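Hi everyone, thanks for making time this morning. I'd like to walk you through a few spots in a structure, so let me put it up on the screen.

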Amino acid sequence: MSEKLLTDTALNVRETFEKISKAAKKSGREPAEIRLMAVTKTVAPEKINEAIKAGCNLLGENKVQELLEKYESYDKSAEIHFIGRLQTNKVKYIVDKVSMIESVDSIKLAEEIEKRCGKIDKTMDILLEVNIANEESKGGFSPEEIVAVSEKIKDFPHLRLRGLMTIGRFGAEIEETRQYFEKMRHLLVDIKSKNIDNIYINILSMGMSADFEIAVSEGATTVRVGRGLFGARKYV
């Protein structure tokens, strides 16, 4: 297809895939190991569908109400993950609409997801959110808690722990960000080495528009890009 016929979103998707490929090859990885997630907060469904058409088949939703409002408009060939802060009283509205909840930040939330998935006989893939920099302003488990939490999750029949996610510290220098991402990679390897029953851990979700290339070099398997695909957005 001629570049003149491509939308800005489609061009951004292509450019982002190229950056992922370059970062992967530079660090000795296969580009196919990394998934690009389009972060869709405040983005109109038609632009999101342009990204899907351009090859981005994974969406990340931040807000329950926004997901519910836009869900029927989406190209259903894409997979949807929930990546935002999730209140326990909102779990029931999304468990039938997403294939993964990446932002499990408490045992209480895990218990609610287990209960709601039990009611519809669904096994939900989840990631544990790690507060890797121990920031007071962020939720998530501390790195020191992760192994013990994983041991608890194995007893939930409708949950399947697939990996970890984190959000880098805003404003961090490149080397600081790299150190946090490297720590996440080691944490994932450590949990895998425990061979915990019912734990199928191989996903490391980290890196956003400003730092996804660093994340790729440090082992990310999913990178979350919003501004890099859809441009700057106004948040209400």
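**A helix, an arginine and a tyrosine ring**

Let's begin just past helix α5, where D121 takes a positive phi of about 55°. Do keep in mind that this is a predicted model.

Now step back into the helix itself. α5 covers residues 107–119, which makes 13 residues.

Which residues of α5 are buried? They are L109, A110, E112, I113, E114 and C117. Notice that two glutamates, E112 and E114, are in that list. The cover over these buried residues includes two helices, α4 (91–94) and α6 (146–153), along with the strands β4 (100–104), β5 (124–129) and β6 (159–165).

Next, please find R29, in the loop between α1 (8–26) and β1 (35–39). Is R29 buried or exposed? With a relative accessible area of 13%, R29 falls under the 20% cut-off, so R29 counts as buried. The R29 side chain makes a polar contact of 3.1 Å with the side chain of E33. Leaving out residues up to four places away in sequence, R29 touches A24 and I34, and also V216, G219, A220 and T221.

Last stop: the ring of Y71. The charged end of K76 sits over that ring, 4.6 Å from its centre. K97 also has its charged end over the Y71 ring, at 5.7 Å from the centre. As for aromatic pairs, the count comes to 0.

Technical notes
Residues numbered from 1 in each chain as written. Predicted model: local features only at pLDDT ≥ 70, side-chain atom pairs only at ≥ 80, totals over all residues. Heavy atoms only, no water. Helix = DSSP H or I, 4+ residues; strand = E, 2+ residues; numbered from the N terminus. Buried < 20%, exposed > 50% of the residue type's maximum accessible area, 1.4 Å probe, protein only. Polar contact = N/O pair within 3.5 Å; in protein donor to acceptor, adjacent residues only side chain to side chain. Contact = heavy atoms within 4.5 Å. Expected span 1.5 Å × (residues − 1). Phe/Tyr/Trp six-rings, centres within 6.5 Å; stacked < 30°, edge-to-face > 60°. Lys NZ or Arg CZ within 6 Å of the ring centre and 35° of its normal.
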